[in-house]
Amino acid sequence: MRQATITRNTAETQIEVTLNLDGIGTYDNQTGVGFFDHMLDQLSRHSLIDMTIRATGDLHIDDHHTVEDTGIAIGQALVAALGDKKGIRRYGNFLLAMDDSLVRAALDLSARPFLVWNVDFPSEKIGSFDTELVREFFQALSTHGGITLHVDRLHGLNSHHIAEAAFKSVARALREAVEPDPRMAGVLPSTKGAL
């Protein structure tokens with residue numbers, strides 16, 4: 001059972017994340033930040049990771065703590081659900097086109113977090129959502145999920161499309177990386193003996 005539930009409570013946010021890595025991409029995400037919920041739904045649907053998130057945060061200040069702490073909790077849940085990582089593919093990449101946008105994501109579930117972020121947005125906001133928070137989410141996910149993650153915007157004119165393409169491309173790369181490899185059943189995908 002590659003499932004996990006993580007609860008994170010701070011003075012700024014209260015978050016519960018439940019993941020099932022062997023799901024079908026069902027989701028029920030409620031963070032109080034509409035655009036972010038839409039992006040989390042994309043992350044779940046296109047990774048085929050079932051995801052339920054409940055987040056209450058200090059939205060009267062801004063969306064930053066809610067978005068970042070949700071990324072932290074998802075990363076921690078991912079680590080817990082992966083367990084010893086035996087038998088997984090470990091690596092994933094995807095080149096995703098969405099209308100005017102083209103975004104490439106490549107990742108390694110290496111337990112060595114590192115984010116390379118080459119994604120610029122033409123606008124500072126998507127509705128009321130700060131576009132700089134897209135990077136903050138993936139930084140938190142990478143750090144607490146132990147993920148080496150590279151995301152590159154190759155094309156894009158519309159900020160909504162760029163953000164959505166980023167979430168979807170990471171989702172598809174993550175789907176590939178967490179999948180069991182039938183040729184590696186019970187084997188750790190590393191020569192080091194640990195991940």
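Q: Asp50 carries a charge. Is the residue buried or exposed, and which side chain of opposite charge is nearest?
A: Side chains of opposite charge can pair when their charged atoms come close. Lys and Arg count as positive, Asp and Glu as negative; His and the chain ends are not counted. A salt bridge needs a side-chain nitrogen of Lys or Arg within 4 Å of a carboxyl oxygen of Asp or Glu. Asp50 is buried but has no salt bridge. Its nearest opposite charge is on Arg45, 7.7 Å away. Buried means under 20% relative accessible area, exposed over 50%, and partly exposed in between (1.4 Å probe, protein chains only).

Q: How should I treat these numbers?
A: The model is predicted, so local features need pLDDT of at least 70 and side-chain atom pairs pLDDT 80 or more, while totals for chains, interfaces and linings use all residues. Residues are numbered from 1 along each chain as its sequence is written, and side-chain values use heavy atoms, leaving out hydrogens and water.

Q: What does the side chain of Asp50 reach?
A: It reaches the backbone nitrogen of Gly25, at 2.9 Å. A polar contact is a pair of N or O atoms within 3.5 Å; within protein, one must be able to donate a hydrogen and the other to accept it, and residues adjacent in sequence count only if both atoms are side-chain atoms.

Q: Where does Asp50 sit in the chain, and which residues does Asp50 touch?
A: Asp50 belongs to strand 4 (residues 50–57). Strands (E, at least two residues) and helices (H or I, at least four) are DSSP runs, numbered from the N terminus. Leaving aside residues up to four places away in sequence, Asp50 touches several others, including Thr18, Asn20, Ile24 and Ser44. Here contact means heavy atoms within 4.5 Å.

Q: Which salt bridge does Asp69 form?
A: Asp69 meets Arg8, at 3.6 Å from N to O. Arg8 is in strand 1 (residues 3–9) and Asp69 in helix 2, so the pair ties together parts 61 residues apart in sequence. Asp69 is buried at 4%. Arg8 is partly exposed at 23%. The structure holds 10 salt bridges.

Q: Where do Lys168 and Glu164 lie?
A: Both are in helix 4 (residues 159–178), 4 residues apart, about one turn of the helix. Lys168 and Glu164 are both buried.

Q: How many residues of helix 2 are buried?
A: The count is 14 of 19, so helix 2 is mostly covered. The expected span of a helix is 1.5 Å times one less than its number of residues. For helix 2 (residues 64–82) that gives 27 Å, and the end C-alpha atoms are 27 Å apart, which agrees. Gly83 follows, with a positive phi near 60 degrees.

Q: How many aromatic pairs are there?
A: There are 6. Rings of Phe, Tyr and Trp (its six-membered ring) pair if their centres lie within 6.5 Å; planes under 30 degrees apart are stacked, over 60 edge-to-face, and the rest tilted. Phe35 and Phe129 make a tilted pair, 5.1 Å centre to centre with 50 degrees between the planes. Phe35 is in helix 1 (residues 34–47) and Phe129 in strand 9 (residues 129–130), so the pair ties together parts 94 residues apart in sequence. Phe137 and Phe138 have ring centres 5.1 Å apart and planes at 75 degrees, so that pair is edge-to-face.

Q: Which residues do ring pairs link into a cluster?
A: Phe36, Trp117, Phe137, Phe138 and Phe167.
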